[in-house]
Amino acid sequence: MSELEVRPGKSLGIVGRNGSGKTTLASKLAEENGATLVSFELEDELLEREIREDDSEFLGRIDFGRSVRELIEEVWPGEEGLEGIAAALGLVSILDQGFLTLSTGERRRLMLARALVQDPKLLILDEPFDGIDQAFRQPLRDLLEGRDLILVANRLSDLEDLVDQVCCVEDGRVILNGALEEVVRNEVFQQLMGLGESELDLPEGEPIILPPGALVSMKEVTVVHGGREIISDFDWSVESGQNWKISGPNGCGKSTLVNLVIGDHPQCYSNDVTVMGLRRGLGESIWDVKRHVGIVSPSLHQQHRVSFNALQIVASGFFDSVGIYQDVSPEHWRMAGEWLGLIGMTPWADRPFRSLSYGQQRLLLVARALVKRPPLLVLDEPCQGLDLMNRSLVLSVIDRIASTNLTQILYITHEPEDRLECITHELKYVNQGWLIEKVITSDSLR
């Protein structure tokens, strides 16, 4: 890896394609400079620790993990600085809440608070804005401004006004170095990030006959988790031909809603939830629902602590399992291989999933969700961790599939630039309540 000097009083941005070595470089710089690092990988390690130390069976009650306050204080045991950072990152109201009850965005803000409260001389952040809603982005930028900072980012807008120079990494080497504008205008960078004009040729899927009526129906749904009411007396239905965007701040219940749909929330059985004509809790198998649904989500990503290779991960989408535990037909292997080729991951077909970069892992999970061309696609931050080229590819593929009217979309994102042209309706959390809006054209989402 090329030498890269980290100068006091200067901040550095690191960009590059998924799998280029950005995170590896950031980790090495953190080790060599005694810096504090925040990354998705470290967040996963904390989650695994909290799951491993779950004492629910000994306590006689559910163990929700260490509280937000405890997790901050374990890296900085004093009170000085905690309250200010907690307030800026919107953590004050959940300081006594267990880690395992937090939303994806709340966990991300907790990881940032754990780093900032230490007031490190050098702070290295790998995709700090991913998963954080718009309300907390400017406060976070304010906390970062003026610090000695190394910022790894797939979105160039995240680097603006925060870094003095940018380096572009490819194959573990620094190939460009300079001001952000200079690097972005460089022809090498343009070619590296270009998607090209070729028409997408989507692999064929297995046709599934849909039941009549609404694909999803919820009536008077209420969900309580960790002593907090997440959803209250909620009605919603998804009809054939509708593609929904679900938006709102971290912790408002977006992921809870989609987990009720896919059966990954225990309270789906105590509520009136019907998916694909099957009322939850009336004897249906979870697999009866999941065979109709393709899923991408941060929680599914975290569940993939497996040793299967890239091709096997894509093929597992036919069986809705985390990994493969049954025979795979030649036809399924063929289709999985075609999807692997479509996302440009064929050279990594035999690589273990956990050895790949976070962005490459997310790309594989997108292909896993799409491989069976399901009638319902549940996409919770599908572009998290993806570079410019792969975000464009994923959004184009989803729009292309939706245009066939054989697949309906439930889409969660905090990124205004990650627009899907196929969206027809928006479920929006505003002022402590859910609002439904019909999207006449894609321009209304901009």
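Biologist: Which residue in β8 stands opposite Val223?

Modeller: In this predicted model, the residue of β8 that stands opposite Val223 is Ile231.

Biologist: How do you know that β7 and β8 pair?

Modeller: Two strands count as paired when at least two bridges are found between them. Strands β7 and β8 have seven bridges, in the antiparallel sense; they are therefore called a pair, since the required number is at least two.

Biologist: What makes β10 a partner of β7?

Modeller: Strand β7 (residues 216–225) and strand β10 (residues 272–275) are joined by four bridges in the antiparallel sense. One example is Ser217, whose bridge partner in β10 is Thr274.

Biologist: How do you know that β10 and β11 pair?

Modeller: Two bridges in the antiparallel sense connect β10 with β11 (residues 278–279). The requirement is at least two bridges, so this pair qualifies. For Val275, the bridge partner in β11 is Leu278. The two strands form a hairpin with two residues between them, and Met276 in the turn has a positive phi of about 55 degrees.

Biologist: In what order do the four strands form the open sheet?

Modeller: The order is β8-β7-β10-β11, with antiparallel pairing. In general, strands of a sheet pair through backbone hydrogen bonds, either parallel or antiparallel.

Biologist: What makes β8 and β11 edge strands?

Modeller: Each of them, β8 (228–238) and β11, pairs on one side only.

Biologist: Let us turn to single residues. Why is His304 called buried?

Modeller: The cut-off for a buried residue is under 20% relative accessible area. His304 has a relative accessible area of 0%, and is therefore buried. His304 lies in the loop between α12 (298–303) and α13. Setting aside neighbours within four places in sequence, its contacts are Ile313, Val322, Phe353, Arg354, Leu365 and Arg368.

Biologist: What makes the approach of the His304 side chain to Leu300 a polar contact?

Modeller: A polar atom of the His304 side chain lies 2.9 Å from the backbone oxygen of Leu300.

Biologist: Why is Gln361 counted as buried?

Modeller: Its relative accessibility is 6%, and so Gln361 is counted as buried, the cut-off being under 20%. Gln361 lies in helix α15. Its side chain reaches the backbone oxygen of Phe353 at 3.2 Å. Beyond neighbours within four places in sequence, Gln361 is in contact with His301, Phe353, Arg354 and Leu356.

Biologist: Why is Glu106 counted as buried?

Modeller: Glu106 has 4% relative accessibility and is therefore counted as buried. This residue is found in helix α6 (residues 104–116), and its side chain reaches the backbone nitrogen of Ser103 at 2.8 Å. Its contacts outside four places in sequence include Arg228, Asn250 and Gly251.

Biologist: Which residues touch the most other members of the largest nonpolar core?

Modeller: They are Trp339, Leu364 and Ile409, in a core of 47 residues. Among the elements that give two or more residues to this core are α14 (330–342), α15 (358–370) and β14 (408–412). Leu364 touches, among others, Ala310, Ile313, Leu340 and Phe353, not counting residues up to four places away in sequence. A second, separate core has 44 residues, including Phe99, Phe129, Val166 and Phe189.

Biologist: What is the predictor's mean confidence for the protein?

Modeller: The mean pLDDT is 87, and 92% of the residues reach 70 or more. Over residues 441–446, however, the pLDDT is below 50. Where pLDDT is low, the predicted coordinates should not be read in detail.

Notes:
Residues numbered from 1 in each chain as written. Predicted model: local features only at pLDDT ≥ 70, side-chain atom pairs only at ≥ 80, totals over all residues. Heavy atoms only, no water. pLDDT = per-residue confidence, 0-100. Contact = heavy atoms within 4.5 Å. Core = buried A, V, L, I, M, F, W, Y, C linked by side-chain atoms within 4.5 Å. Buried < 20%, exposed > 50% of the residue type's maximum accessible area, 1.4 Å probe, protein only. Polar contact = N/O pair within 3.5 Å; in protein donor to acceptor, adjacent residues only side chain to side chain.
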